[in-house]
Amino acid sequence: MAIETQKSANENFMIKEPPLEKLRNIGIIAHIDAGKTTTTERILFYTGRLYKIGNVDEGTATMDWMEQEQERGITIMAAATTCDWKDCKINVIDTPGHVDFTAEVERSLKVLDGAVVVFCGVGGVQPQSETVWRQADNYRVPRIAFINKMDRTGADFLKVFHDIKEKLGASAFPLQLPIGHEDGFRGVIDLIKMKAYIFGEEKAQDNFREEAVPEDMLQEAKKFRHDLIEKLAEHDELLMDKYVHNQEVSIEEIKVALRKAVIKDLFVPVLCGASFKNKGVQMLLDAICDCLPSPLDVLPIKGVNPHSDEEISMKTDDNEPFCGLCFKIVTDPYVGRLTYVRIYSGTIKPSSYVYNANKDLKERLAKIVRMHANKQEIVEVAGAGDIVGVVGLKNTKTGDTLCNEDYPIVLEKIHFPEPVVSMAIEPATKIDQDKLGMALNKLQEEDPTFKVHYNAETGQTIISGMGELHLEIIIDRLLREFKVTAKTGAPQVAYKEMPSEEVRSVGKFIQQTGGHGQYGHVVIIIKPGEQDSGIEFKNKIIGGAIPKEYISAVEDGVDMAMKTGVLAGYPVIDTSVTLIDGSYHEVDSSELAFKMAASIALGDGLRKAKCKLMEPIMNLEVIFPENYTGDAIGDLNSRRCRIREITQKGKIKIVRGDVPLSEMFGYATSIRSLTQGRASYTMEPSHYSEVPGNIAEKIIGA
């Protein structure tokens with residue numbers, strides 16, 4: 001990645017520092033190809049950040065600055081920028097839509113205060129739309145829905161709006177109605193002001209005019225406005241009082257009630273437009289400023305004191321002690337490691353020291369920059385609520401908390417999904433050997449869903465990621481950015497193991513060597529956990545059978561043993577381990593002894609617990625012309641796909657189902673040949689499921 005110092009016509013663009021209540025930290029999130037990057041480009045143009053509009057299809061989009069993004073026309077890495085609209089400053093993060101890069105969405109939502117969820121006016125709620133919506137739900141991020149591509153054939157505003165309500169369970173309601181549809185889409189009706197905005201095709205700047213609501217839509221607009229006030233009245237006493245007594249409600253009162261409801265995540269405003277044709281973007285910017293929260297509107301960030309485990313919270317205030325979260329790291333050939341930090345409280349300056357509470361060490365900030373895609377603007381101070389890049393942190397990793405050493409705090413870490421695809425990699429030449437190891441380490445630092453490990457049995461280096469495209473991009477980056485040529489094997493599925501029965505297991509580690517010996521003895525109960533529960537460790541020791549200082553060693557031993565299962569050496573998932581008994585020796589017991597005893601107990605227990613092999617199941621959506629239905633469904637059935645539903649939109653079939661990842665390698669080529677290149681598909685990890693016996697035998701025996 002090459003970070004450039006900001007030049008060109010943009011070099012004099014300075015961001016004004018407004019009061020904190022006028023700051024918005026937002027993300028643009030959506031399914032692939034819904035128009036996130038195009039919408040972001042238009043936001044930058046209308047806020048004066050760009051003088052020329054970039055185009056995703058032509059590879060000229062500012063936010064898609066990586067060569068791989070420009071070639072493929074997709075976003076791979078979340079890009080941050082800052083702009084001004086009216087009296088607000090907006091920090092924007094444009095995120096990828098492809099499921100292989102879902103970690104970029106996860107970490108962005110962790111540090112954002114609000115989000116714009118873009119939906120395709122034709123496709124509506126698509127699989128990745130549901131994923132990013134769930135991620136926003138997990139972090140309780142207030143959001144605005146923007147129905148894009150209203151000028152496309154087949155676009156249907158009301159259908160997509162009902163999809164958002166039904167499929168996502170959102171408390172959503174339109175703030176606008178489209179005027180015209182498909183080719184005839186020419187404007188929107190603002191239901192709060194009861195005004196029509198008509199767009200002109202010929203120019204980008206000043207491209208709309210305000211008019212009265214068209215007569216043929218007046219009754220429909222009045223009904224929607226009445227329903228909007230009724231819906232908002234559920235969350236606002238003043239509005240409810242006026243609504244019940246049939247009194248006139250002012251525009252300002254509606255806006256106040258709307259903002260309160262959105263900030264509390266009780267209401268989702270729905271807007272519409274066509275970003276590519278520059279329609280509706282200015283109204284979206286108004287809604288971002290009017291509805292989405294400032295850093296002062298969200299609850300103070302909570303964490304724990306690493307020394308006492310006491311819960312503490314930090315107020316969003318420049319005068320509070322400094323606290324920030326590192327949410328992203330990128331490697332730059334010129335400045336080295338660039339760390340993205342969301343500042344929750346206090347301020348930081350260049351050449352000052354910060355304390356990494358996770359690593360218990362101090363690091364020096366060399367410089368602070370405000371990002372604009374891959375360009376940077378140096379700043380002298382950054383305060384509460386801001387998102388900046390910092391240079392100089394050598395040991396800080398994604399998810400680490402930075403703070404004032406006198407006021408230590410550890411914030412909740414960001415949780416990332418586990419990789420589902422692996423492949424072997426080796427350097428093409430001896431010269432590449434050392435370079436490959438260094439490059440893989442840097443890429444692993446940048447991307448928490450990319451894992452590298454060494455298989456001692458085969459002598460191979462194995463890389464793992466979220467999908468074939470993810471690993472393909474990694475290999476491409478190795479060659480282009482790090483100048484490393486590598487050879488790879490075929491992609492392999494990341495299988496897992498889990499017990500199927502509850503068992504009691506005993507582990508003893510006793511060594512006598514004449515002098516100081518080793519003694520550890522544990523008794524554990526192993527049982528299957530809930531789906532996606534991970535590894536649960538519970539301590540049920542009573543009466544000090546094992547001293548407290550050795551409990552963490554037992555947990556470490558369990559974690560260590562879970563990494564290698566007993567069937568075929570795959571990691572163990574969704575398992576509950578309860579420590580119920582044990583014994584110790586006053587002289588010979590040690591942390592190492594209890595760690596080894598726990599590892600022995602777990603290994604023996606898993607062998608008795610009739611472990612089963614688990615495979616990743618993908619949530620699949622395939623879209624194709626109806627005359628290819630037989631061939632497409634026959635191919636899916638041969639891949640062990642469990643079809644959940646088949647729907648039709650015009651002459652297009654949409655098939656949704658669950659399919660094992662192992663059956664989907666090469667599917668892109670297969671479905672294109674079956675449908676003469678007219679089909680498209682998306683898939684994302686759903687859950688792990690047991691591998692059928694006959695297939696499991698082949699995998700274990702391989």
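This is a predicted model: local features need pLDDT of at least 70, side-chain atom pairs count only at pLDDT 80 or more; totals for chains, interfaces and linings use all residues.
1. The open sheet is built from seven strands, which follow the order β3-β4-β2-β5-β6-β12-β7 and show mixed pairing. At its edges stand β3, covering residues 79-85, and β7, covering residues 172-174; each of these has a single partner strand, so one side of each is left without a neighbour in the sheet. From one strand to the next, the twist averages 25°.

2. Strand β7 is joined by three bridges to β12, which spans residues 268-272, and the two strands run parallel. Within this pairing, Phe 173 is the residue that stands opposite Pro 269 in β12.

3. On the cysteines, the model holds zero disulfides. For Cys 272, which is in no disulfide, the nearest cysteine sulfur belongs to Cys 120 and is 13 Å away, whereas a disulfide would call for sulfur atoms within 2.5 Å. Cys 323 is likewise in no disulfide, and the nearest cysteine sulfur to it, that of Cys 403, is 6.6 Å away.

4. Is Asp 33 buried or exposed? Because its relative accessibility is 61%, Asp 33 counts as exposed, the cut-off for that class being over 50%. Along the chain Asp 33 and Pro 96 are 63 residues apart, while their C-alpha atoms are separated by 9.5 Å.

5. The other loop residue is Thr 347, which lies between β16 (336-345) and β17 (353-356). With a relative accessible area of 34%, Thr 347 is partly exposed, since that class lies between the limits of 20% and 50%. Which residues does Thr 347 touch, if those up to four places away in sequence are not counted? They are Asp 318, Phe 322, Val 381, Ala 382 and Gly 383. Thr 347 and Ile 541, by contrast, are 194 residues apart in sequence and lie 45 Å apart in space, taken from C-alpha to C-alpha.

Terms used: Residues are numbered from 1 along each chain as its sequence is written. Side-chain values use heavy atoms; hydrogens and water are left out. Helices (H or I, at least four residues) and strands (E, at least two) are DSSP runs, numbered from the N terminus. Buried means under 20% relative accessible area, exposed over 50%, partly exposed in between (1.4 Å probe, protein chains only). Contact means heavy atoms within 4.5 Å. Two strands pair if DSSP finds at least two bridges between them. Axes are lines fitted to C-alpha atoms, for helices over the stretch in contact, and angles run from 0 to 180 degrees between N-to-C directions.
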